[in-house]
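I set out to look up salt bridges, a pocket and the nonpolar cores, and kept notes as I went.

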Amino acid sequence: NSSKKYDKKENISIPIGNFSSQMFGNIYLNEVDKYAKEKLKCKYYFRYIDDTCVICKNKKEARDILSKLTIFYAEKLHLLLNNKISIEKKENFCGYKITCKGYMNLRNKGKKRFIKKIKKVRNLLEEGKITVNDVKKSIAGNIGYIQIANVDNLVKKYLYLEKEVSNVSVNSDK
């Protein structure tokens, strides 16, 4: 019962949002990954399903790579890129802000959601309504999300908990 994108001219529909769409998207676009990494030598190339981010040295290099990828998509995969493509100094990608210098920060929306969750869990812990193990389970996904970003200040400010919870930690040295 997934939603579908339907092209009346081509008589093609694609299920959007279900697991098989994600899986087939990753399999089909694997050719793009190989091309970008092996042929174009993109050192910082990231793709999640149909979202792609390439970190380049300058705008000229970015335009060149975009041009080559556009041709590859069209000729090899018979796909056209949409008009949402942009060349930016900072890129929002999979919940992170990635800068041209390779720094990854949390997007504001993700940061606010994380802070709200930490405050809620801390209050429940202080009220004795949950245990340290409940805290660990509750924030495990959030910890995984923030670990790969530059979050030292965020961790210092919001994950410092009293002694009884000090074994809930984040390795923020990345």
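The model I worked from is predicted.

Entry, salt bridges. I looked up how many there are, and the structure holds 3.

I took the pair in helix 3 (residues 59–77) to begin with. Lys68 and Asp64 both lie there, 4 residues apart, which is about one turn of the helix. Their side chains meet in a salt bridge at 3.2 Å, N to O. Is Asp64 buried, exposed or partly exposed? Its relative accessible area is 37%, and that value falls between the limits of 20% and 50%, so I noted Asp64 as partly exposed. Lys68 has 33% relative accessibility, so it also counts as partly exposed.

Next I looked up Arg47 and Asp33. The side chains of these two form a salt bridge at 2.7 Å, N to O. I noted that this pair links distant parts of the chain, with Arg47 in strand 3 (residues 44–48) and Asp33 in helix 2 (residues 30–39), 14 residues apart. I checked accessibility here too: both Arg47 and Asp33 are buried.

The remaining entry under this heading is Lys129 with Glu127, whose side chains meet in a salt bridge at 3.2 Å, N to O. Lys129 and Glu127 are both exposed.

Entry, second largest pocket. I recorded a volume of about 160 Å³. Which elements give two or more residues to its lining? I found helix 4 (108–126) and helix 5 (132–147). Helix 4 gives the most, with 5 residues. The lining includes Arg107, Lys109, Arg113 and Lys117, and I also wrote down Gly95, Phe114, Asn142 and Tyr145 among its residues. By class, I have 4 charged, 3 polar and 2 nonpolar residues in the lining.

Entry, nonpolar cores. I looked up the largest nonpolar core and found 23 residues in it. Which of them have the most contacts inside this core? I listed Ile98, Leu106, Val151 and Leu154. At least two residues of this core come from each of strand 4 (51–55), strand 6 (96–99), strand 7 (104–106), helix 4, helix 5 and helix 6 (152–158). I then noted a second, separate core of 14 residues, with Tyr35, Ala36, Leu40 and Phe72 among them.

Note on methods:
Residues are numbered from 1 along each chain as its sequence is written. This is a predicted model: local features need pLDDT of at least 70, side-chain atom pairs count only at pLDDT 80 or more; totals for chains, interfaces and linings use all residues. Side-chain values use heavy atoms; hydrogens and water are left out. A salt bridge is a side-chain nitrogen of Lys or Arg within 4 Å of a carboxyl oxygen of Asp or Glu. Buried means under 20% relative accessible area, exposed over 50%, partly exposed in between (1.4 Å probe, protein chains only). On a 1 Å grid over the protein atoms alone, a cavity is a set of points where a 1.4 Å probe fits but cannot get out, and a pocket is an open set with protein on both sides within 12 Å along at least five of seven lines; lining residues have an atom within 4 Å of a point. Grid points are joined across faces, edges and corners, and a volume is the space filled by probe spheres set on the points. Ala, Val, Leu, Ile, Met, Phe, Trp, Tyr, Cys and Pro count as nonpolar, Asp, Glu, Lys and Arg as charged, and the others, Gly among them, as polar. A nonpolar core is a set of buried Ala, Val, Leu, Ile, Met, Phe, Trp, Tyr and Cys residues joined through side-chain atoms within 4.5 Å.
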